Amino acid sequence: MALKITHACINCDVCEPVCPNQAIYQGLEIYEIDPALCTECVGHFEAPQCQQVCPVDCIPLDPDHAETREQLQAKYEGLVSVLGPR
Ligand code: SF4
Ligand code: SF4
């Protein structure tokens, strides 16, 4: 399941550089997450790095993008084949 950033985001900029998949970007109003690139950090870390650094706890799981761990692992492997290891 990808994560999403809610409107509680204060645009503090700290999550974008910690994402190993470059899934986080500055949107029109707040930071956003590309669900095609977010693996919940599967393949890189034990826990979602963006959630750990967000000071206002505004990055929940996105129920609109439900995925199993196996699907997340496959997404990670697909990204590595395109982007190379991080
Ligand atoms: Fe990036 Fe990991 Fe956050 Fe997904 S959970 S947006 S891969 S840092
Ligand atoms: Fe927004 Fe949280 Fe990212 Fe800061 S860490 S830019 S508050 S989502």
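Biologist: What percentage of the residues in the protein chain is buried?

Modeller: Buried means under 20% relative accessible area, exposed means over 50%, and partly exposed lies in between, with a 1.4 Å probe and protein chains only. In the protein chain, 34% of the 86 residues are buried. This is a predicted model, in which local features need pLDDT of at least 70 and side-chain atom pairs count only at pLDDT 80 or more, while totals for chains, interfaces and linings use all residues. Residues are numbered from 1 along each chain as its sequence is written, chains are lettered from A and ligands numbered from 1 in the order in which they are written, and side-chain values use heavy atoms, with hydrogens and water left out.

Biologist: How do I read the radius of gyration of the protein chain?

Modeller: The radius is taken over C-alpha atoms, and the globule rule is 2.2 Å times the number of residues to the power 0.38. For 86 residues, a compact globule would have a radius near 12 Å, and the protein chain agrees because its value is 12 Å. The C-alpha trace spans about 35 × 25 × 25 Å along its principal axes.

Biologist: Which secondary structure pattern does the protein chain follow?

Modeller: Helices (H or I, at least four residues) and strands (E, at least two) are DSSP runs, numbered from the N terminus. The protein chain has 2 helices and 2 strands, in the pattern β-β-α-α along the sequence.

Biologist: What share of its contacts joins residues at least 24 apart?

Modeller: Contact means heavy atoms within 4.5 Å. Among contacts between residues at least 6 apart in sequence, 65% join residues at least 24 apart. Val42 sits in the loop between β2 (31-33) and α1 (49-53).

Biologist: Is Val42 buried or exposed?

Modeller: Val42 counts as buried because its relative accessible area is 3%. Gln49, in helix α1, is also classed as buried, at 19% relative accessibility. Beyond neighbours within four places in sequence, Gln49 contacts Val18 and Cys41.

Biologist: Which residues surround ligand 1?

Modeller: A residue is near a molecule if one of its heavy atoms lies within 4 Å of it. Around ligand 1 are Leu3, Cys19, Pro20, Asn21, Ile24, Ile33, Cys38, Thr39, Glu40, Cys41, Pro48 and Cys50. Ala, Val, Leu, Ile, Met, Phe, Trp, Tyr, Cys and Pro count as nonpolar, Asp, Glu, Lys and Arg as charged, and the others, Gly among them, as polar. The shell around ligand 1 divides into 9 nonpolar, 2 polar and 1 charged residues.

Biologist: How many residues surround ligand 2?

Modeller: There are 14, of which the closest are Cys9, Ile10, Cys12, Cys15 and Cys54. By class, this shell has 12 nonpolar, 1 polar and 1 charged residues.
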